[in-house]
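Open the structure in your viewer and keep the selection tool at hand. This tour goes stop by stop.

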Amino acid sequence: MKKIQMVDLQSQYKDIKEKVDVSVINIMENASFINGPSVKSFQKNLENYLNIKHVIPCANGTDALQIAMMGLSLKPGDEVITADFTFAATVEVISLLNLTPVLVDVDLETFNIDCDKIKKAITSKTKAIVPVHLFGQSANMEEIMKIADENNLFVIEDNAQAIGSEYEFSSGEKVKTGTIGNIGTTSFFPSKNLGCFGDGGALFTNDDDLAHAIRGIVNHGMYKRYHHDVVGVNSRLDSIQAAVLNVKIPYLDSYNKARQNAARAYTDALKNIEGLITPKAGKKCTQICENCDCHVFHQYTIRILNNKRDSLAKYLSDLNIPFGIYYPIPLHKQKAYLDSRYNENDFFNTNLLSEQVISLPMHSELELDQINFICEKINSFLK
Ligand SMILES: *Cc1c(COP(=O)(O)O)cnc(C)c1O
């Protein structure tokens, strides 16, 4: 059996090494390091893949979120609703811009933002909702867009963990996540489903005016060279990273399929074990189906019941089986984001999940014998 890794970026590189090497060396030979042709072609490639009018590449997924909020002209004091159970980047940029983060609880089954809690959190100051498509699965976008319409709110989809996944509306219409709200954002951090060899990110939108505004913001607020119309930032996807992404984007669907196959194998191997709950995929799917992309498994995250998560974690460490705890502390309990207006009773699910979740190794190169080995060990521990 190959050594089990949480993510296996070396094996993935080996399969595409020749193409990536040529593509990267080409950038060095042409010295087209900043905003070279590879960036433009990646922009087009991602626009085609997502079926969206505008992609604006930037330096990382955190910048993408910040720039999205700047692009929507959110102002200090505006309230932005987001999930309590996610990576801190989302709430961090809200606070950095002096906007007011309003964290809300998530759904126990999907780990995604709870729409009833969104409704309860809306005030006259609320300006935007930032759903995070956590672990590779879309939040309930139909309901979120309805709430946003009714209350005149912007929606920014944090798609950093779900690129390539699809959302199906009740009408049957299917679209890629990140293309539903006013703006979608993503990250190309190496371990994401579409990762580059360093940092990278992008924003997407179908709104021409917003796209124009964002293109200036990422470039020091310039719409004409050396004319600074708004306060901007310097946030670029560099040409070498774009060159890597141009090689990888045609493989994204096959990478996601490999993740889905691994997820299915995990769920099969874990289904008769008591004391744990395997992830639910899709609002309609009762299992991880072969024919849809409603979940692209950035993480395969299970819940360990009966207070055994930490002892299982220790057991897996002793066996050199890697795992992740995403996320061990809900954001509303993080020192930087404490707010006396929060009431612990409103965060029942995030408090519970932070004590129950464990994410198992997940990547496009995971093999069946590795999955079975991990599951046998979990079984023998919980038995
Ligand atoms: C990774 C991630 C980000 C941040 O992306 P970076 O490129 O690391 O800045 C933001 N939100 C979520 C949900 C993420 O998983």
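Select Asn60 and Thr62, at the start of α3. A side-chain oxygen of Asn60 comes within 3.0 Å of the backbone nitrogen of Thr62 here. Bear in mind that this is a predicted model.

Now select the whole of α3, residues 61-71. How many of its eleven residues are buried? Eight are, so the helix counts as mostly covered, a residue being buried when its relative accessible area is under 20%. Colour the buried ones: Gly61, Ala64, Leu65, Gln66, Ile67, Ala68, Met69 and Gly71.

Step just past the end of α3 to Ser73. Its phi is positive, at about 55°.

**Leu74**

Go on to Leu74. This residue sits in the loop that links α3 to β2, where β2 spans 79-83. Is Leu74 buried or exposed? Leu74 is buried, because its relative accessibility is 11% and the cut-off for buried is under 20%. Show what touches it. Beyond its neighbours within four places in sequence, Leu74 contacts Met69, Val80, Leu99, Lys127, Ala128 and Phe154. Met69 is one of the buried residues of α3.

Next, draw a distance from Leu74 to Tyr326. Their C-alpha atoms are 29 Å apart, and 252 residues separate them along the chain.

**Ser359**

Select Ser359, in strand β14, residues 357-360. Its relative accessibility is 0%, so Ser359 is buried. Zoom in on Thr301. The side chains of Ser359 and Thr301 make a polar contact of 2.8 Å.

**Ser187**

Move to another serine. Ser187 belongs to strand β8, which covers residues 183-187. With 7% relative accessible area, Ser187 is buried. Look at its side chain: a polar atom there lies 3.1 Å from the backbone nitrogen of Phe189. Then display its partners beyond four places in sequence: Gly61, Ala160, Lys192, Leu194, Gly200 and Gly201. Gly61 takes you back to α3, where this glycine is among the buried residues.

**Asp238**

Select Asp238, in the loop between β11 (227-228) and α8 (239-248). Asp238 is partly exposed, at 32% relative accessible area. Contacts of Asp238 beyond four places in sequence are Phe33 and Val39.

**Zoom out**

Twelve helices and 14 strands make up its secondary structure elements. The radius of gyration is 21 Å, close to the 21 Å that the globule rule gives for 383 residues, so the chain is as compact as a globular protein of that length. Its C-alpha atoms fill a box of roughly 65 × 55 × 40 Å along the principal axes.

Switch to a surface. Of the 383 residues, 56% are buried. Among contacts with a separation of 6 or more, 73% join residues 24 or more positions apart.

Finish by colouring the charges. The chain has 39 positive and 46 negative ones, and their mean positions are 2 Å apart.

Conventions:
Residues are numbered from 1 along each chain as its sequence is written. This is a predicted model: local features need pLDDT of at least 70, side-chain atom pairs count only at pLDDT 80 or more; totals for chains, interfaces and linings use all residues. Side-chain values use heavy atoms; hydrogens and water are left out. Helices (H or I, at least four residues) and strands (E, at least two) are DSSP runs, numbered from the N terminus. The radius of gyration is taken over C-alpha atoms; the globule rule is 2.2 Å times the number of residues to the power 0.38. Buried means under 20% relative accessible area, exposed over 50%, partly exposed in between (1.4 Å probe, protein chains only). Contact means heavy atoms within 4.5 Å. Lys and Arg count as positive and Asp and Glu as negative; His and the chain ends are not counted. The place of a charge is taken as NZ of Lys, CZ of Arg, CG of Asp or CD of Glu. A polar contact is a pair of N or O atoms within 3.5 Å; within protein, one must be able to donate a hydrogen and the other to accept it, and residues adjacent in sequence count only if both atoms are side-chain atoms.
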